[in-house]
Amino acid sequence: MAIKLPIYMDNHATTPVDPRVVEAMQPYFTEKFGNAASRNHEFGWVAEEAVENARGQIAKLINATPKEIIFTSGATESTNLAIKGAAEMYREKGNHIITQVTEHKATLDTCKRLEKYGYEVTYLPVQKDGRINLDELCKAITPKTILISIMYANNEIGVVQPIAEIGKIAKEKGVFFHVDAVQAVGKIPVDVQKDGIDLMSISGHKIYGPKGVGALYVRRKNPRVQLSAQIDGGGHERGMRSGTLNVTGIIGLGKACEICQNEMAAESEKLRKLRDRLTESIMSRLDETFINGSMEHRLPHNINISFAFVEGESLLMGINDIAVSSGSACTSATLEPSYVLKALGVGEDLAHTSIRFGIGRFNTPEEVDYVADRVVETVQRLRELSPLYEMAKEGVDVSKMTWQVSAEH
Amino acid sequence: MAYSDKVIEHYNNPRNVGSLDKKDPNVGTGLVGAPECGDVMKLQMKVNPDTRIIEEAKFKTFGCGSAIASSSLATEWVKGKTVEEALAIKNTDIVRELSLPPVKIHCSVLAEDAIKAALTDWKKKQGDAEAKSAEPATAASH
């Protein structure tokens, strides 16, 4: 089969919408365009029925009840609503929140804002494998702690946190537990009952649904979680999130969840094989390559590799017919290499050389082989160009050298 | 990030990649940058001590495409120039030639630093060599 270029292998950033999802959404743009909140005519009822159907599809995938699903504009909004909404609602109980350092910015920046408003936030470190230490979590909990927010799986390194154990600890201590499950839902089994989750952020476009739609799971019993609304208006979504529902987006999210429900077991096995094939093909042909994060506790479709002595952006430039992303500073405006890799204790030199591969539903073995070949040949070419590789081969320990940043005398 | 055609061209066909014998008294070596910053450049030049003309230049660079292009261009430019002419190359010349965006200006600065470091090393070696042969040092001071 001929390979169509460029190849998309950045499925942690976003995913293409599954054609079956598009098909489900289609009629709701033109014929069935009603406002789901219109209670007195057919157009409204049809839209409402479709929204409720989607609510059921999402709930089923995560073992919740439909009433526990609140629709939002995406997971960033869900996370903002969960953390700020709980912080505001339970202010009298306490002002302490616990999270961890490799969270998505939606969580970290929300917590930072709350710090400005007088909340206290503990940012737990992660171990070398990318997971938090449960003893440290237990020690961090105080009588003032109202919320623990830990992601299910990391967006850069795919490392899965011990969610069920954290859920158990949270329950014992009477602290609410929010989970950013954007990268995990639809990819690995997520069960809000077994995992003891009280609040959970979900995104549409990471699971082959449309962009601009997400959901927040809000537990209704054992315990019942209440949130202060962050957007005021018509009182939609049990008063927690006002605004006319994005009916087409919601239908797309629902359908995407239904497909994941039916196909996840087989799909994750397929993706794991492709991921292992990619990893093996690259690592068997190159020396000085390192996997970042735990392999044992990891999403099946993720791999993150550091290619020592080759800077990430120049590597991406060499494989410009492949869409992946780099942990190097040069790819972003911040000039700092990936904070996730730094938190794992990966040196800044190696963090600059990392590439994240996110394999998706539509990738083929032929594409994986092509990507592996291109990566290997480009790394080899750039290492020929790399003074660091040359020095390492001569036996110089590059990490122990003193570097002069400017040569001016 | 969009690269200029010239950066892409240098990245795809880097000029003068390689190493010269760093023990050769006529070879100056400049190694600038740091791995933690994501850029390391090694620039080497072989200078004729009589004419002070740079006869050969080689580079190796760890860094983004703009860093590779800046150092590749630097080797092209210094070849055939005298030491003084090479020292007159400014990072802004490199920025202009490669159409580097503001976030990549540090790459051109590093290339200028590498030229200066290599020629400083060469001058030092010349001074040492001349000192050893007990001749008055003429070109060694800096």
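Let me state the conventions. Residues are numbered from 1 along each chain as its sequence is written, and chains are lettered from A and ligands numbered from 1 in the order in which they are written. Because the model is predicted, local features need pLDDT of at least 70 and side-chain atom pairs count only at pLDDT 80 or more, while totals for chains, interfaces and linings use all residues.

I turn to the domains of chain A. Chain A is divided into domain 1 (7–11 + 264–394) and domain 2 (19–260), with bounds that come from an automatic or database domain assignment. The centres of these two domains, taken over C-alpha atoms, are separated by 30 Å. Across the boundary, 19 residues of domain 1 are in contact with 21 residues of domain 2; contact requires C-beta atoms, placed from the backbone, to lie within 7 Å. On the domain 1 side, H8, strand E10 (302–307) and helix H10 (339–343) of chain A are the elements giving two or more residues. Helices (H or I, at least four residues) and strands (E, at least two) are DSSP runs, numbered from the N terminus. By class, that side of domain 1 has 5 nonpolar, 11 polar and 3 charged residues. Here Ala, Val, Leu, Ile, Met, Phe, Trp, Tyr, Cys and Pro count as nonpolar, Asp, Glu, Lys and Arg as charged, and the others, Gly among them, as polar.

Next, the nonpolar core. The term denotes a set of buried Ala, Val, Leu, Ile, Met, Phe, Trp, Tyr and Cys residues joined through C-beta atoms within 7 Å. A residue is buried if 20 or more other C-beta atoms lie within 10 Å of its own, exposed if 12 or fewer, and partly exposed in between, again with C-beta atoms placed from the backbone. The largest such core has 153 residues, of which A:Ile58, A:Ile62, A:Tyr217 and B:Ala114 touch the most other members. Helix H8 (residues 247–283) of chain A gives the most to this core, namely 13 residues. Domain 1 and domain 2 of chain A both give residues to the core, so it lies between them.

Which residues does A:Tyr217 touch, not counting residues up to four places away in sequence? They are A:Ile62, A:Ala64, A:Glu68, A:Ile69, A:Val192, A:Leu199 and A:Met200. A:Cys260, in helix H8 of chain A, is buried, with 23 other C-beta atoms within 10 Å.

Two strands pair if DSSP finds at least two bridges between them. E10(A) and E13(A) are joined by 5 bridges, one of which has A:Ser354 as the partner of A:Ser306. E12(A) pairs with strand E13 (residues 354–358) over 2 bridges; A:Arg356 is the bridge partner of A:Ser325, and A:Ile355 stands opposite A:Ser326.

Why is E13(A) described as largely enclosed by the rest of the structure? The reason is that 5 of its 5 residues are buried. On one face these are A:Ser354, A:Arg356 and A:Gly358, and on the other A:Ile355 and A:Phe357.

The contact between the chains involves 27 residues of chain B and 25 residues of chain A. E1(B) supplies the largest share of the chain B side, 5 residues. By class, this side has 13 nonpolar, 9 polar and 5 charged residues.

Finally, the backbone details. Cis peptide bonds join A:Leu5 to A:Pro6, with omega about -5°, and A:Asn222 to A:Pro223, with omega about -10°. A:Pro223 is in the loop between strand E8 (214–218) and H8 of chain A, and A:Glu237 is also placed in the loop between E8 and H8. A:Glu237, although not a glycine, has a positive phi of about 55°, and counts as buried with 20 C-beta neighbours inside 10 Å. B:Arg52, in the loop between E2 and E3 of chain B, has a positive phi of about 60°. With 16 C-beta neighbours inside 10 Å, B:Arg52 counts as partly exposed.

Note on methods:
Two residues are in contact if their C-beta atoms, placed from the backbone, lie within 7 Å.
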